Amino acid sequence: MTAALATSDLSIRFGAFEAVRQVSLAIRPGARHALIGPNGAGKTTLVNALTGSLKPTAGRIMLAGEDATHLSEAQRVHKGLVRTFQINQLFANLSVLDNVWLAVLERNRRTGIFWRSARADRAALDEARACLEFVHLLPLADQLVATLPYGSRRLLEIALAMAARPSVLVLDEPAAGVPAADSEAIFERIHALPDSLTLVFIEHDMRLVFRFAERITVLVAGQVLTEGTPADIAANPQVREVYLGRRGAHA
Amino acid sequence: MSNVIAIIMDGVAYGMLLFLSAVGLSVTLGLMRFINLAHGAFAMGGGYLAVVLVDAGLPFLLSLPIVFLAIGAAGIAIERAGIRHLYRRTALEQVLFSIGLALALGALANLVFGPQQQAIQIPSLLSGRVTVLGLEIARYRLFLIGMGAATAITLVCLFEYTLFGARIRAAVDNRRAAEGIGIQVERLFAVTFGLGAGLAGLGGALSVEMLGLDPAFALKYLTILLMVVAIGGAGSIAGSLQAALVLGTVDALFKYFLPEAGGFVIFGLLVAVLLVRPSGLRGRAA
Amino acid sequence: MTLLKDSGLAVGPGMRLPISGATTLLFAALIASGFLFPNHFALATQILVLMIFALSYDLLQGHAGIVSLGHAVFLGLGAYSSAILARAGLTDPLLGLAVGAAVPALIALVLSPIVVRGNDFTRLLVTLGVASLVYEAANRLRDLTGGADGLSDFEVAPLLGLFAFDFEGRTGFIYALATFFLVYLALWRVTNSPFGMALRGIRENARRMPAIGSPVARHLAVAYLLSGAVAGIAGALLAQTSRFASLDMLGFERSAEIVMVVTLGGNGHLAGVGIGAAAFGVVKDALSTVSPRYWQLGLGIVLMASVFLARGGIGGIIERLSRRRQP
C-alpha cells in the first residue's frame, strides 16, 4: 500500500548544525501516528520541512506516492497536506467565523476573485460554520479571535486546518500550553476526526500519546531512534533511557 | 591611463564620503532594526555646521571634530526624544517619522540658510594638486581617502576588539540574551545612534567641497546611502565600506565614460543585487 | 472588526452599496464643492486626482501591507501614456484613461516579482531604486517625454464626443468627479471581495496564509497590479485635465506625499483616505502658496507627531465615532 506521507533520508542543516538527520518515515493512510522525542529533537523542524515552510538540505518527501519535495507550502495544502501550529497562528483581528471562512475560500481557490462580493458565496460560509460546529466553536462565531480564551484558540487552529479539507493532517502539539482538562477536550475532538484522515501529531504528554496513537516514531537528536506500536515503544529500553524513566511525566 | 586613475581616485574619494555618511545607517538598521530615512539629514546638518564654523573663522580641520561631536550629541538627543520609541513599531511608522524628520530639517535649513548652494573655505594645505608617482591627484581627494580609511580602521577595531564592540555584536545577535547578561541595551543603542549620526555629520562636512550643499541634500543622497546599506548588508562595517567604494567608483567611471547611462547603472546594479541576494552582499537578513 | 462591515445599504439579496455615513458625507461634499466654488474647478479637479491616487496607494499599503517609496511612478506613467497617445492624434479622453491604466499595470506586472518578495526594507529600496530608474529614463528620453520641459502640446477631444473641455474646467471637474466615484465603488468592491479578504489575512498573519493554501505572492502581485492601474488612471486624468505631463508627476516627493496622505487618512479605510486626501489637498494649496518652506516644516512636524498621536488616522477616528454611536 502506498504511504499517505513518506520521507526518505530527509536531512535539514542550519550551518554546521544538523537539526534533522536522514529521517525516513512511511505513514499509512488513516494512521494515527505520533512523533515524540525530547526537546530539541527536531520534531517541529521536521514538520516544517514536511509541510514546505522549510527547504530540506537533502532527501525526498512523498505525498500519496507523488514527489512533493519541491512543492511550495500552499501547493502541498492543495494536495491535501495541512498542518496546525504549536504557537497559534490565527487572524487575531478577524472574527472566529471569518478566520475559517477565509480558509474555505482559499481551499476553493476563490480568493483570486476581486470583482464579486465575498458575501455572495453562501456555500463557503455554510462550510465554515460546519467546521466551527465540529470543534464546538459555533456559539463564538462572531467573536474576535483576540478576545477568545486560549483553549478555544487551540480548537480554532484545528478548525482552520479542517477547512482546507486535508487528507493528511499534521498537528504540532495541538494541546500545547493548555491545562490537562482542556487538552482532554482537544484530543477528544481530534479522536472524532474521520477515520479516513491520516493524522500525524507531536505531543509531549505521554498519557495522551499512548491513548491516541497507533504508531509512534521516537526522534532523538534529529534521528529516528525507533518506531513501533505503543506497546513496542513502552517496552523499548532505549526509549526509557532517553526519557530517564520519567514515562508519563512531561518529557 | 593616468586619466583613468584620476577618475578612479575621484570615485574612491566619493566612495569614502558615502561610507562615512552611510555606515551609521547600516549599523542602526542592523542593530536597532530602525529604518532611518532622516540619516542624510545628519550629514546635511554636519555640512551646514561646518560652513558656519569656518565662516566664523575656525580652521576647517578644527571644525571637523566639533561637527562630529555636535551632530553626534544631536543624534543622541533625537534618539532619546523620539526614535527609541519606534524600535518596536512597524516599518511604515519608522518611515513616516524619519521622512517627517528629514522634511522638517530640510525646511529648517531652507529657512535659516536659504535655498542657495553653500561653499566652504578649505585650507591651502588641502587644496591644489600633488604629484604622486608621476600622477597628479587633487590633495582634497587624498585627504578624503585617508579620512575614510582611518575611520574604517578605527570602527573595525572598535567593533572587533573593544568591550563596546563586543556588547554591540552581542545585542545584534540576540537582544534578549544580551540584556540577560547585564548589557544596558538602551544606552548602547543611544551611543551607537549618536556615533552613526556623528560620522554622517563628519561625512557631510567633508562633502561640501566635493558635492556642494543645499536644503535638498538630505533627500538627494538618501537613495544612494540606502543603496550602500542594501548592497553592503545591514550592520556590516566592512560591507558598507566595500559597497560604498564600488558604488562610488562605478558612478565616477560611468559619469565620465558613458554619461548617457547616467544613474541607470547604479540603480540597475541595486535591483540586480537585491534580486540575487535580498539581504545584501555580506549581510544577515535585516 | 469583522471582515465585512455591515454599514452598507442593502439593495436586494447579496448586493450592498457602500453607503456608510462617512462615504455619504464625502460624496455630498464633493458634489457640493462644484456648486460652492465655481471659480476653483482646476483646484477641485487636482484634489480629486490626489484622492484617486491615494485610493490606489491605499490598496497597496493599507490593504496589501506593502510600503512603497515609488508609487508616483504609476501616476507619472499614466500621465505620460495618455499625453503621448494624445500627441499621436488619439485624443479621446476615455481611450487615454484606458491606456493610462494599462501601461502602469503592465509595468507593475513586470516589477511585481521583485517588489513582492523580500522584507519591508528591501521593498522600500526596490521601489525607491525603480522610481529613480524610471525618473532617469523619463528625463533622458526627451523625444518621447519632453525631458525637463514636460509635455503640453496635445489636445483632448470632447468627453463622449459631446462635452468639450472648457477653459473654466467645469467638464474636467465633472469628468474627474465621475471617475472618482467609479474608482471608489470599484475599490470598495475589491476590498470586500474574496481577494480583499485574502489581503486582510496576509496583513493579519502572513505566516498562516500559505498553511491554508494561499498563494500569497500572487495575491500581492495582483494588488500591486490593480493599484498601479488605478494610479495610472489618476495620472491620465491629471494630464488630460491640466493638459500637462511632467517629470515631477513621477518624482520622489509625490511618492513620499502619498505615503503620508494614506497614513494620515487611515490605512485600509477608503472613506478616511478619501477625506484625508481632500483635506491634504486643500491645506497644501492654502499653505504652500503662502510659504512652501513653512508648509514643509509643518508637514514634517505633523508627520512625526502623527506616529505617536493619531494612530489609525482619520479612518480610525471615523471608526471610533461610529462605534460609539451604535455600540
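Author: β1(A) and β2(A) run antiparallel and are joined by 7 bridges. Two strands count as paired if DSSP finds at least two bridges between them, and both helices (H or I, at least four residues) and strands (E, at least two) are DSSP runs numbered from the N terminus. This is a predicted model, in which local features need pLDDT of at least 70, side-chain atom pairs count only at pLDDT 80 or more, and totals for chains, interfaces and linings use all residues. Residues are numbered from 1 along each chain as its sequence is written, chains are lettered from A and ligands numbered from 1 in the order in which they are written, and side-chain values use heavy atoms, with hydrogens and water left out.

β1(A) and β2(A) form a hairpin with 2 residues between them. In the turn, Gly15(A) has a positive phi of about 60°. Ala6(A) has Ala26(A) as its bridge partner in β2(A), and Ala6(A) also stands opposite Met62(A) in β4(A). The pairing of β1(A) with β4(A) is antiparallel and has 5 bridges. Strand β4 (residues 58-63) of chain A in turn joins β5(A) through 2 bridges, again antiparallel, and Leu63(A) has Glu66(A) as its bridge partner there.

Put together, these strands make an open sheet of 4 strands in chain A, in the order β2-β1-β4-β5, with antiparallel pairing. Its edge strands are β2 (17-27) and β5 (66-67) of chain A, each of which pairs on one side only. Helix α1 (residues 43-51) of chain A lies across β1 (5-14), β2 and β4 of chain A, in contact with them (heavy atoms within 4.5 Å). The helix runs at about 115° to β1(A); axes are lines fitted to C-alpha atoms, for helices over the stretch in contact, and angles run from 0 to 180 degrees between N-to-C directions.

Chain A also has an open sheet of 6 strands, in the order β6-β7-β8-β3-β9-β10, with mixed pairing. The edge strands here are β6 (81-83) and β10 (223-228) of chain A, each pairing on one side only. From one strand to the next the twist averages 20°. β6(A) pairs in the parallel sense with strand β7 (residues 168-172) of chain A, over 3 bridges, and Leu81(A) has Val168(A) as its bridge partner in β7(A). Helix α5 (residues 150-163) of chain A packs on this sheet, touching β6 and β7 of chain A, and its direction makes about 160° with that of β7(A).

The next point is what chain A touches. Chain A and chain B do not touch, and their nearest C-alpha atoms are 13 Å apart. Of the 2 pairs of chains that touch, chains A and C have the most contacts. That contact takes 37 residues from chain A and 28 residues from chain C. The area buried between chain A and chain C is about 2900 Å², with 61% given by carbon and sulfur atoms; buried area is the accessible area (1.4 Å probe) that two parts lose on being put together, summed over both. Phe91(A), Glu106(A) and Phe114(A) supply 21% of the area that chain A buries against chain C, more than any other three residues.

Between chain A and chain C there are 2 salt bridges, a salt bridge being a side-chain nitrogen of Lys or Arg within 4 Å of a carboxyl oxygen of Asp or Glu. In a salt bridge, the side chains of Arg208(C) and Glu157(A) meet at 2.6 Å, N to O. The count of residue pairs in polar contact between chain A and chain C (both at pLDDT 80 or more) is 14. A polar contact is a pair of N or O atoms within 3.5 Å; within protein, one must be able to donate a hydrogen and the other to accept it, and residues adjacent in sequence count only if both atoms are side-chain atoms. On the side of chain A that touches chain C, at least two residues each come from α2 (73-78), β6, α3 (96-107) and α5 of chain A. α3(A) gives the most to that side, with 7 residues.

As for confidence, the predictor gives the complex an ipTM of 0.87 and a pTM of 0.86.
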